[in-house]
Structures are given as C-alpha cells and as structure tokens.
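Let's read a protein model together, one feature at a time. Please look over the sequence and the structure first.

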Amino acid sequence: REHAKAIQLLRKALSLGSGEYADDIYLEIALEYENMQRFDKAQEILQEAITKRPENEVLLYELAYVFDINDRSAESIEYYQQFLESHPFSFPAWYNLANAYQKIGQLDNALEGYDYCLAIQEDFTPAYYNKAHTLFKMERYQDAVQVFEETYAYEPPQAPVYCHIGECFEKLNQYDKALFYYRKSIQVDEYYADSYLGISITMDLMNKTIDAM
C-alpha cells in the first residue's frame, strides 16, 4: 500500500518508453491515485492518457467513474462533448455522456446519447439497459419494456431484466404480466430479492394482501 512509491515507479516506466503497455501503465497510475483518494490527480492522468490513446475504452470508462464518484456530472458532460467533437464515432464516449445527462435529470439528452451509442455499436447491451431505465424514469413504461426486450438478441435475459420488465407492467397496472415476469426472474435466480418484493407489492395492489404476505 505504498501508493506514492508505486506511482513513482510507474511514471519511470512511462518515461523509459512503454510502447504497447502505456495504456495499462496510465491506468495503474490512475488507480493508485484513486486508492489515495486523489481523484483530481486520477482525472488528470486519465485525461492525459486519453489524449494519447483516444480509442482506449477502458480509460474512457475509468474517467467517467472518476467524474461520477467526485459528483462532477457537469464537468463530465463538458469533457465528453468536447471529446466527441474530435471522435464522433466513439460509442463509449456517447455512453458516458448519456449517463452523465441521466444523473442530472436531463433525460431527453440522455436518450439521445444512448441512441447515438447504439447506432455505432448496436450490440452494446449496457446502453440498452440504461436507455430502458431512462424511459422508466420518464414514465414511458411500454417503451422501456420494448428496449429491455431488444437485449434478448444479444444475450440471454438475466433476473434483473425480467424484474425490471415486471416493474414496468406493474406501473402500467397490468398485474398479471407483472407477476409473470417477476416469476420468470425468480426462475433464473431464485435468490433475486427484488422480484419477491415485486410479487408482494403486485399482489397487494390486486387486493390479495394475505397472499402478498
């Protein structure tokens, strides 16, 4: 846990000409700064690295994490907007920008960002999930269901997906469908607690309070 010494050696490695390992070294330096709670320095080193390696997805995601944990959504938006001016086809940048918009409640802008991301990388399922969550926040529950279902083409549905679809139908007052998806969620993962809670809430809404208990 001698982070300062680790950073000193990693910087020396960079100065010696790290070639193909530069991305990993930059990331390691940033992580050491994060371990020291020096998120300002982590942000600085990641931005330096991205300037040299703009195609590196890991660096872009890690920078987004640093912005987020530091509650710097506005700065994150400004950074990724500028980055996309030079790299408009970077789907991780669109994704990170959309996430930042979602966090501050600019949901229309978030949707636009997720759509650009998926136009570039149509099988990037995290963008589908976050787009669906954004639609849910906008109370566009049927649209959210449709987006969740689009992920089926790229990976088998996991318990959280079925649970979220169940919640959408619960909000639409389609309780039978809500119960169907909550139960499908439990079939995938019998320990997924949110689905049991969803079943209880739905049963209560159906005036089946005894069954809900």
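Q: Is Glu139 buried or exposed?

A: We go by relative accessible area: buried means under 20%, exposed over 50%, and partly exposed in between, using a 1.4 Å probe and protein chains only. Glu139 counts as exposed because its relative accessibility is 58%. Before we go on, note that this is a predicted model, where local features need pLDDT of at least 70 and side-chain atom pairs count only at pLDDT 80 or more, while totals for chains, interfaces and linings use all residues. Residues are numbered from 1 along each chain as its sequence is written, and side-chain values use heavy atoms, with hydrogens and water left out.

Q: Where does Glu139 lie?

A: Helices are DSSP runs of H or I with at least four residues, strands are runs of E with at least two, and both are numbered from the N terminus. Glu139 lies in the loop between helix 8 (125–137) and helix 9 (141–150). Its phi is positive, about 65°, although Glu139 is not a glycine.

Q: What can be said about phi and accessibility at Gln37?

A: Gln37 also has a positive phi, near 65°, and is a residue other than glycine. Look for Gln37 in the loop between helix 2 (22–35) and helix 3 (39–52). Gln37 is exposed, because its relative accessible area is 55%.

Q: What does Leu46 touch?

A: Contact means heavy atoms within 4.5 Å. Leaving aside neighbours within four places in sequence, Leu46 is in contact with Leu27, Ala30, Leu59, Glu62, Leu63 and Val66.

Q: How many residues does the largest nonpolar core have?

A: A nonpolar core is a set of buried Ala, Val, Leu, Ile, Met, Phe, Trp, Tyr and Cys residues joined through side-chain atoms within 4.5 Å. The largest one here has 67 residues, and Ile29, Leu46 and Tyr80 have the most contacts inside it. Helix 6 (residues 91–103) gives the most to this core, with 8 residues.

Q: How many aromatic pairs are found in the whole structure?

A: Rings of Phe, Tyr and Trp (its six-membered ring) pair if their centres lie within 6.5 Å; planes under 30 degrees apart count as stacked, over 60 as edge-to-face and the rest as tilted. The search finds 16 aromatic pairs. One of them is Tyr95 with Phe124, edge-to-face at 5.0 Å centre to centre and 90° between the planes. Both Tyr95 and Phe124 are buried.
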